[in-house]
Amino acid sequence: MVAALFAAPLAPVVAGLALVVGDRSFRSVSRLTAYIVSLAATVVSLLACALIAYDRPVLDRSWVPEIGMRLHLEVDGISVPLLLMTAAVGVLVVLHARHEQPAGGTPATFYGCLLLVIGGGIATFLVQDAISFFLAFEVVLVPMWVLIGRFGDRRSARERARAANTFVLYTVLGSTLMLVGILTMTFAAGTSDFAGLAAAPISPGKQTAVAAILLVGLGIKVPMWPLHSWLPRAHTIAPTAGSMLLAAVLLKMGTYGVVRLVIAPLPQGVERLAPYVGTLAVIGIIWGGLVCLVERSLKRLVAWSSVAHMGFVLLGLMSGTTIGLQAALFANIAHGVISALLFAVVGGLKHRWGDDDLETARRSLRDVSPRLSLALVIGFAASMGLPGLTGFWGEVLAIFGAWTPGGDRPHGWFRVLAMFASIGAVLAAGYALRVLRIVWHGNADGGLPPKPEPAGDAHGNEWLVTSVLSAAAVLLGVIPLILLQTTSGAVDQLMAVIGR
């Protein structure tokens, strides 16, 4: 079973590198070969993660003893859901990309970059060493930059370059701050292993300083308001597959880093900074909701909604309570499922329409594309937190956690934050209903003739991908204990460490 720990990240990474490096060779081979290689590698990683979830093998070897760095691969209740979601979304992304492969390069390069992002994400959730975590995190940046800059929206080369460069500049800044914080902790503790860092006696003042550095660095990657401005541009330009991975995998790597690198080893620093980070998270919730109420671009609207939803994750993490941490972990998975579904649907609509302008008069989607309209309704209903769907539990539990925060956090202020977060949930309902009124119901009633649209509903791989994601959104909403019970043991252990 230890071999599965290697196979899960290495299968997509090796296949991805082979496709990218052999780009010229693969031009003479049919596209089917690239599809088979990429899909087989991703399925292997999914099966490996499933086996890991049941057996929980551990690989722990000294790697760079001079700085206490170890090759430590392991999973627990916190990482297993993220591993499985990354591998599952990876399979769906490859299937969807076969339906909609963008121009800008060869299939080998495109699929190779997708696999490198998937492999880097899986490695990030497997490693139990802070420096290894940083290295795995960085693996995804260059292939995602290529996906945005080379395979992104073909309407404007300048916008593609701007979005890709903004993504790199922001994330490199975040990575630099992350590395400074990790190295400071490593040299203070004498080890970079997560367990060793959590047990190290770091002074309260140093904890606060390091936590501030790490929260800014990871906040860029989450992203946290006001460090979020790279995200809407990147999502708007990225191809559908890139947007699905960016929302479902890369953003989760940031919040996972907050749990492993900040909350566990620096509890006193987090307690001091929690009111400020919680405030920024709630501002992001309100800000994102207000923007979504007026945003014209449908894809950009979904991107802005991610800023709002990730605010609930950060609020739960900063609450210092078991229920808040459970809420954050649940909301992480819920947002990954919902955002992947919405970007798959919106990408399909943009491909059919030629644009995603909500001001353009069009016929109702329920008449033109009933299957896509159903997936759109499920996605936005889950996004607004409708009971019975996956978006409900993470947001409601995060508000409960913030209402009675842990430790010495100011209870009155966190209750104010909980109330404003509730307003953000109302805004989510408002913009979700706005989109459904315009797109699902149609907006060709104002006297303007509807824009001619190519006929065609979701079928084949597109219908399979949206169906699986829709089913996951319903299943996790109806039976939330599937996820809550998976994370409960690890959360209890983490709360015991924090209270040391």
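Which residue's side chain meets that of R300 in a salt bridge? I looked this up before anything else, in what is a predicted model. The partner is E295, with N and O 3.6 Å apart. R300 is partly exposed, at 27% relative accessibility. E295 has a relative accessible area of 14% and is buried, because the limit for buried is under 20%.

**Entry: the salt bridge count**

I asked how many salt bridges there are in total. The count is 2. Beside the pair of R300 and E295, I found R260 with D76, where the closest N and O atoms are 2.8 Å apart. R260 belongs to helix α12, whereas D76 sits in the loop between β2 (69-73) and α4, so this pair ties together parts that lie 184 residues apart in sequence. I noted that R260 and D76 are both buried.

**Entry: overall figures**

I took down the totals next. The protein has 21 helices and 2 strands. It has 500 residues, and 61% of them count as buried. Its accessible surface is about 17900 Å², and carbon and sulfur atoms hold 68% of that. For contacts with a separation of 6 or more, I read that 82% are between residues 24 or more positions apart.

**Entry: the largest nonpolar core**

I looked for the residues that touch the most other members of the largest nonpolar core. They are L317, F380 and V439, in a core of 167 residues. The element that gives the most to this core is α15, with 19 residues.

I went through α11 (residues 230-237) and found 7 of its 8 residues buried. These are W230, L231, P232, A234, H235, T236 and I237. Which elements cover them? I listed α7 (141-151), α8, α10 (204-221), α12 (240-263), α14 (298-318) and α15 (322-353) among the cover.

In the loop between α10 and α11 I checked the prolines P223 and P226. The peptide bond from V222 to P223 is cis, with omega near -5°. The bond joining W225 and P226 is also cis, with omega about 5°. I set this against the general rule that most peptide bonds are trans.

**Entry: two threonines in loops**

Where does T321 lie? I placed T321 in the loop between α14 and α15. T321 counts as buried, because its relative accessibility is 12%. Its side chain makes a polar contact with the side chain of S319 at 3.0 Å, and the T321 side chain reaches the backbone nitrogen of G324 at 2.9 Å. Apart from neighbours within four places in sequence, I found T321 in contact with G401, T404, P405, G406 and M495.

I then turned to T191, in the loop between α8 (157-189) and α9 (194-199). Is T191 buried or exposed? I read 16% relative accessibility, so T191 counts as buried. The T191 side chain reaches the backbone nitrogen of D193 at 3.1 Å.

**Entry: A103**

I located A103 in the loop between α4 (79-99) and α5 (107-126). A103 counts as partly exposed, at 48% relative accessibility. I also took the C-alpha separation of A103 and F151, which comes to 6.0 Å. The two residues are 48 residues apart along the chain.

**Entry: a nonpolar surface patch**

Last, I asked which residues form a nonpolar patch on the surface. They are V474, L475, V478, I479, L481 and I482, with about 490 Å² of accessible area together. Two elements give two or more residues to the patch, α20 (460-478) and α21 (481-498). I noted that α20 gives the most, with 3 residues. I479 is found in the loop between α20 and α21. I recorded I479 as partly exposed, with a relative accessible area of 40%.

Key
Residues are numbered from 1 along each chain as its sequence is written. This is a predicted model: local features need pLDDT of at least 70, side-chain atom pairs count only at pLDDT 80 or more; totals for chains, interfaces and linings use all residues. Side-chain values use heavy atoms; hydrogens and water are left out. Patches are made of residues with over 30% relative accessible area and no salt bridge: like charges are joined within 9 Å, nonpolar side chains (Val, Leu, Ile, Met, Phe, Trp, Tyr) within 5 Å. Accessible areas come from the Shrake-Rupley method with a 1.4 Å probe; for residues, only the protein chains shown count as cover. A salt bridge is a side-chain nitrogen of Lys or Arg within 4 Å of a carboxyl oxygen of Asp or Glu. Helices (H or I, at least four residues) and strands (E, at least two) are DSSP runs, numbered from the N terminus. Buried means under 20% relative accessible area, exposed over 50%, partly exposed in between (1.4 Å probe, protein chains only). A polar contact is a pair of N or O atoms within 3.5 Å; within protein, one must be able to donate a hydrogen and the other to accept it, and residues adjacent in sequence count only if both atoms are side-chain atoms. Contact means heavy atoms within 4.5 Å. A nonpolar core is a set of buried Ala, Val, Leu, Ile, Met, Phe, Trp, Tyr and Cys residues joined through side-chain atoms within 4.5 Å.
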